[in-house]
Amino acid sequence: MLEPASPLQIPDYRKIWFARFCSSFATTGMVVIIGYQLYDVARSDYGMSIAQASFQLGLFGLVQFVPLALLTPLAGVAADRFDRRKVAAFAAAIDLFIALALALATHSGAVTLPLIYVLGALHGSARVFVGPSVSSIVPNIVPAPLMPRAIAMSSMAWQTAAIGGPAAAGLAFAVARDLPYWSAAVLLLASATALLWIRPLPPAPVAREVHPFRQVVDGFRYVWNERFLLGCVTLDLFAVLLGGATALLPVFARDILHVGSEGLGLMRASPAVGAVLVAAWLSWRPLAHNVGVKMLWAVVAYGAATIAFGLSRAFFASLGLLALLGAADMVSVFIRNSLVQLNTPDEVRGRVSSISGLAISASNELGEMQSGLAAALLGATGAVVFGGAGAIVVTALWAVFFPELRRARTFAPQYRTLDDSGDDRLKEQTT
């Protein structure tokens, strides 16, 4: 049987690509509208000032992060102990419930800040199970030589959805306030169905033999001992935590650029426009040389674009800068995900993916909290500029603290693995 020349020639990969596209289209659109509703309700119904309402956006990020942080160890163990398809489908079902609840609440005019916070916490709980399970499925169904292209195509699915999702949700919200949520519910149902159609993926026998608590400890110990993985994970955590500007986009849309929910949808989609163009290029011509240095420079470019966006007062210029920001972030994400997936053995991949997902979510949700707090103190512009500068500083420090990142020439996997007793041993992939 001939080896596939492209990941898309693998039926199960096409199913997971479709599932990821549908769920991402639904959830990215929902998050945009939830943020806009939260800010609008805080300003209109609760009479809050711009600074106070901006801080509510930060609190919303924190509300999503707390359950995510608490459940991350459990999510990693679940991805290693159970069928990863079912874990991912379960997470999609939680988001489906959230979409239906928001649709009904919006239709009846019952949206309040406490309701948004409760549903935001549930969304954070669902997201924690998505990353480890979905990202761990791909190496099980795609040959190692095709993994960089598969990661680029998976990123393209997410980024393409992140273009259409926010834009479509913003336009749908202008037509009928509950329409984005009904549409999201249909897409999430399609995503869960596609995931369950993938062939069964039973966990490795060792995953059920080791006590779950020991698995959690081993996963964190593995990442801590692998300085290369630790550098990749923490770079994203601290750089994006400081440099995240998306949390304050409702402020820019409503009170700085004055473009409303339609403009907010375009602004949220713009980073994904830049990212999907880069992802399409990388799926055709994946990076292969000096990947570590390129990852570091991509994060620097991300910080610089963030600063320029914060200072911009022209809507179309702001869209272009957000697209540039997304393009730089895509390069960093592609390299980091490829390095993490190809340098992690399968028996610990779920736990490592959950830890990496925790860092990414911490950078996003805690970044929203940081941005909201900074906006309350410095104003929206000052918060974004401060965050972009912080991302550049963090990158420079990580280049010094983790020289392994600068020295990474290729994606060639060489990693430690855990034996049955939980001890580390060096293993090279020979396939």
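**Helix packing and aromatic pairs**

In this predicted model, the axes of helix α3 (residues 84–107) and helix α4 (residues 113–141) come within 8 Å of each other and cross at roughly 155 degrees, where axes are lines fitted to C-alpha atoms over the stretch in contact and angles run from 0 to 180 degrees between N-to-C directions. Because angles over 145 degrees count as roughly antiparallel, α3 is roughly antiparallel to α4. Helices here are DSSP runs (H or I, at least four residues) numbered from the N terminus. Local features need pLDDT of at least 70, side-chain atom pairs count only at pLDDT 80 or more, and totals for chains, interfaces and linings use all residues. Residues are numbered from 1 along each chain as its sequence is written, and side-chain values use heavy atoms, with hydrogens and water left out.

Among the residues of α3 that meet α4 are Val87, Ile94 and Phe97, and the α4 residues in this contact (heavy atoms within 4.5 Å) include Leu122, Phe129 and Ile137.

A search of the whole structure finds eight aromatic pairs, with rings of Phe, Tyr and Trp (its six-membered ring) pairing if their centres lie within 6.5 Å, and planes under 30 degrees apart counting as stacked, over 60 as edge-to-face and the rest as tilted. One of them is the stacked pair of Trp17 and Phe21, 5.9 Å centre to centre with 5 degrees between the planes; these residues are four apart in helix α1 (residues 11–44), and so are separated by about one helical turn. Trp17, Phe21 and Phe25 form one aromatic cluster.

Terms used
Helices (H or I, at least four residues) and strands (E, at least two) are DSSP runs, numbered from the N terminus. Angles under 35 degrees count as roughly parallel, over 145 as roughly antiparallel, 65 to 115 as roughly perpendicular and the rest as oblique.
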